[in-house]
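Dear colleague,

Please find below the sequence and structure that I am handing over to you.

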Amino acid sequence: MSVLAIAEHRRGELRPVSIEQLAAGRDLADELGGELHTAVIGGDVEAFGADLNREGVDTVHTVDIGEEFNHDVYTQVVTQLATELDPTVLLMPNSVNGLDYAPAVANRLDRPLVTDVVDIDAEDGLTATRELYGSKTETTIDVHAEQAAVTIRPAEWPTIETDGDAAIEAFDATVDESAVKSTVKGFEEVGGGDIDITDADVLVSVGRGIEEEENLDIIHDLAEALDATVSGSRPLIDNGWLEKDRQVGQSGKVVTPDVYIAIGISGAVQHVAGMKGSDTIVAINTDPNAPIFDIADYGIQDDLFEVVPALTEQFQ
Amino acid sequence: MKILVTVKEVAAVDDEFEIDGLAIDDRYVTADLNEWDEYAVEEAVQIKEAHDDVEVVTVTIGPSETDETIRQALAKGADRAIRVWDDALEDAGLLDPETKAEVLAAVAAEEDPDLVLTGVQSADDGFGATGVTLADKLGMEWGAVVNDLDLDLEGGVASVHRELEGGVEELTDIEIPAVLTIQTGINDPRYASLRGIRQAQSKELAEYGLSDVGLDASEIESPLEQTSLYEPETEGEATVFEGSPEETAAELAELLAEKGVTS
């Protein structure tokens with residue numbers, strides 16, 4: 001009745017979700033009355049292993065294979081680890097890389113997979129909480145199986161800061177190289193412009209609510225009046241209305257300005273991940289139920305096409 | 001060359017809505033082509049336009065009500081469509097990624113595509129896992145969250161960018177045949193032309209039941225059961241300014257000035 005959490009690292013750094021998983025995993029292990037295992041694959045496994053030794057972890061497994069993430073390698077190694085350790089719950093990050101191997105592992109182990117879980121408990125069988133329709137609703141899912149695979153949404157569980165006294169063990173995995181059919185060639189930072197939005201004190205950030213590219217004029221006018229920098233949510237970047245390096249969110253930049261003015265941004269979880277650390281968050285949105293109001297400090301629930309020009313006027 | 005594109009109709013929910021049991025009341029729901037799948041269809045059609053002899057086939061799990069959405073993909077350039085549905089799927093409740101992949105794999109086994117494109121996720125249930133599960137079932141290679149694709153058909157390699165978190169992209173070469181899950185922003189999906197819409201009406205839309213693709217109902221029993229649906233409690237403590245746009249703008253301007261924001 002154990003739990004196994006698979007860590008994630010990139011370019012020499014353990015990603016925070018690796019530690020957050022341990023908090024989720026410890027709770028589950030307590031409910032199941034079992035041990036919490038975690039494993040790290042590739043890179044500087046010694047340093048990662050030491051870092052994963054946090055309070056509540058029973059064993060850290062290090063797998064010294066490769067440097068960076070490769071899904072073919074991870075799929076094989078995690079399948080072997082899970083077969084060997086036979087955990088009741090296999091936890092993986094609901095990250096871009098997590099979603100690049102977790103489904104294949106679940107398929108090979110013939111375990112049901114519940115992804116993007118925001119809450120989970122094992123007290124009376126496994127029950128996971130997920131969001132549906134963006135973040136508009138939540139749903140609970142009962143898992144009717146003895147063992148399951150689960151991917152955990154980043155930033156939903158606390159980080160464990162206290163060191164632990166886990167056993168650190170090297171795991172000897174075998175990789176069938178003929179089944180490795182993808183090669184990671186490198187990384188690239190997204191660019192496009194010459195502004196660093198992470199440096200801005202005030203961000204005027206715009207989302208899908210702006211409707212048309214030409215409507216962006218009112219946003220630029222406001223930014224100019226406030227001496228602020230313009231940033232945006234994913235749909236605007238996808239449409240090519242703003243340069244890629246102005247994207248705030250999980251796949252864009254993480255920003256922490258003094259003031260973040262979210263205009264016509266509903267506040268999908270991927271966006272919020274990039275701006276929730278702002279000192280003061282102001283939201284302007286027609287929809288009073290928009291999730292952005294849950295994290296905003298101040299809000300105007302009205303038509304941005306009326307409010308934004310009126311606000312600009314106040315500063316001219 | 002054949003490209004199979006998985007296409008799903010999703011429910012877009014109004015700002016204000018009511019929940020009816022385990023679903024959103026129909027009155028507040030609009031059906032639409034899943035946004036991520038729209039980019040997958042566009043990518044397939046662009047490959048077809050750039051190479052000779054490419055056929056683009058869409059596959060959908062869904063009832064006949066989804067035909068209109070499927071025709072949108074046909075109107076944008078897909079050659080033909082396959083839709084799988086029957087009573088067993090209707091009664092299955094929550095279709096988890098494994099169950100969906102099982103059905104899609106059965107169709108793919110029949111169609112034998114060189115490339116399968118799926119959306120990264122669907123806008124409604126958002127599992128984000130069907131594409132990779134499908135690849136593994138088919139014994140194909142895969143790549144998740146692809147936002148740039150350069151296809152070398154002779155070399156049998158798809159050079160992709162995978163969009164990681166934090167403004168970083170991973171550059172990866174993937175052997176084909178492969179399943180690629182397509183991220184929004186990879187291209188600029190076209191609007192269907194009037195001619196395209198007309199032509200879509202006469203394109204083949206094949207309807208299959210589970211037995212037509214070699215499956216029986218016992219193979220699609222989902223181990224996941226949805227037990228509740230509710231609106232999350234808001235944690236919001238925002239101070240909401242009330243009044244006309246001029247009044248709220250003035251209040252906000254005062255606040256911003258207090259925070260040191262000036263022109």
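The notes that follow take the helices, the aromatic side chains and the strands in turn.

Please bear in mind throughout that this is a predicted model.

**Helix α7 of chain B**

Helix α7 of chain B runs over residues 245-258, and its 14 residues should span 20 Å at 1.5 Å a residue; the end C-alpha atoms are 20 Å apart, which agrees. Its buried residues are B:P245, B:T248, B:A249, B:L252, B:A253, B:L255 and B:L256. These cover an arc of only 165 degrees around the axis, which puts them on the same side of α7(B). On the face of α7(B) turned away from the buried side, the exposed residues are B:E246, B:E254 and B:E258.

What covers the buried side of α7(B)? The cover includes several elements of chain A, namely α5 (216-226), β16 (259-263), β17 (280-284), β18 (298-300) and α9 (304-314), together with β15 (239-241) of chain B. Just after α7(B), B:G260 has a positive phi of about 90 degrees.

**Helix α4 of chain A**

Helix α4(A) has twelve residues, and the distance from its first C-alpha to its last is 16 Å, close to the 16 Å expected at 1.5 Å a residue. Eleven of the twelve residues are buried, so α4(A) is largely enclosed by the rest of the structure. Among these buried residues are A:G98, A:L99, A:D100, A:Y101, A:P103, A:N107 and A:L109. A:D110 follows α4(A) and has a positive phi, near 55 degrees.

**Aromatic side chains**

Over all chains, a search of the whole structure finds four aromatic pairs. One of them is formed by A:Y74 and A:Y101; the pair is edge-to-face, with 5.4 Å centre to centre and 65 degrees between the planes. A:Y74 lies in helix α3 (residues 71-85) of chain A and A:Y101 in helix α4 (residues 98-109) of chain A, so the pair ties together parts that are 27 residues apart in sequence. A:Y74 is buried, with a relative accessible area of 4%, and A:Y101 is buried as well, with a relative accessible area of 1%.

A further aromatic pair, A:Y298 and B:F241, is stacked, at 5.9 Å centre to centre and 10 degrees between the planes. A:Y298 belongs to strand β18 of chain A and B:F241 to strand β15 of chain B, so this pair joins two chains. B:F241 is buried, with a relative accessible area of 11%.

A:F69, A:Y74 and A:Y101 form one aromatic cluster. Elsewhere, the charged end of A:R130 sits over the ring of B:F127, 3.8 Å from its centre.

**Strands**

Strand β14 (residues 202-206) of chain A is mostly covered, with five of its five residues buried. A:V202, A:V204 and A:V206 point one way from β14(A), while A:L203 and A:S205 point the other way. β14(A) pairs in the parallel sense with β16(A) over five bridges, and A:V206 stands opposite A:I263 in β16(A). β14(A) also pairs in the parallel sense with strand β15 (residues 229-232) of chain A, over four bridges; here A:V206 stands opposite A:G232.

Which strands pair between chain A and chain B? Strand β13 (residues 182-189) of chain A and strand β11 (residues 168-175) of chain B pair in the antiparallel sense over seven bridges, and A:F187 stands opposite B:E170 in β11(B). Within chain B, strand β10 (residues 157-163) and β11(B) pair in the antiparallel sense over seven bridges, with B:H161 opposite B:L171. The hairpin of β10(B) and β11(B) has four residues between the strands, and in this hairpin B:G166 takes a positive phi near 75 degrees.

Finally, A:T137 lies in strand β10 (residues 137-143) of chain A. A:T137 is buried, with a relative accessible area of 0%. Leaving aside its neighbours within four places in sequence, A:T137 is in contact with residues of both chains, including A:R130, A:E131 and A:L132 of chain A and B:F17, B:I19, B:I24, B:L229, B:Y230 and B:P232 of chain B.

With kind regards

Methods. Residues are numbered from 1 along each chain as its sequence is written. Chains are lettered from A and ligands numbered from 1 in the order in which they are written. This is a predicted model: local features need pLDDT of at least 70, side-chain atom pairs count only at pLDDT 80 or more; totals for chains, interfaces and linings use all residues. Side-chain values use heavy atoms; hydrogens and water are left out. The expected span of a helix is 1.5 Å times one less than its number of residues. Buried means under 20% relative accessible area, exposed over 50%, partly exposed in between (1.4 Å probe, protein chains only). The arc is that of the directions from the helix axis to the C-beta atoms. Contact means heavy atoms within 4.5 Å. Rings of Phe, Tyr and Trp (its six-membered ring) pair if their centres lie within 6.5 Å; planes under 30 degrees apart count as stacked, over 60 as edge-to-face and the rest as tilted. A charge sits over a ring if NZ of Lys or CZ of Arg is within 6 Å of the ring centre and within 35 degrees of the ring normal. Two strands pair if DSSP finds at least two bridges between them.
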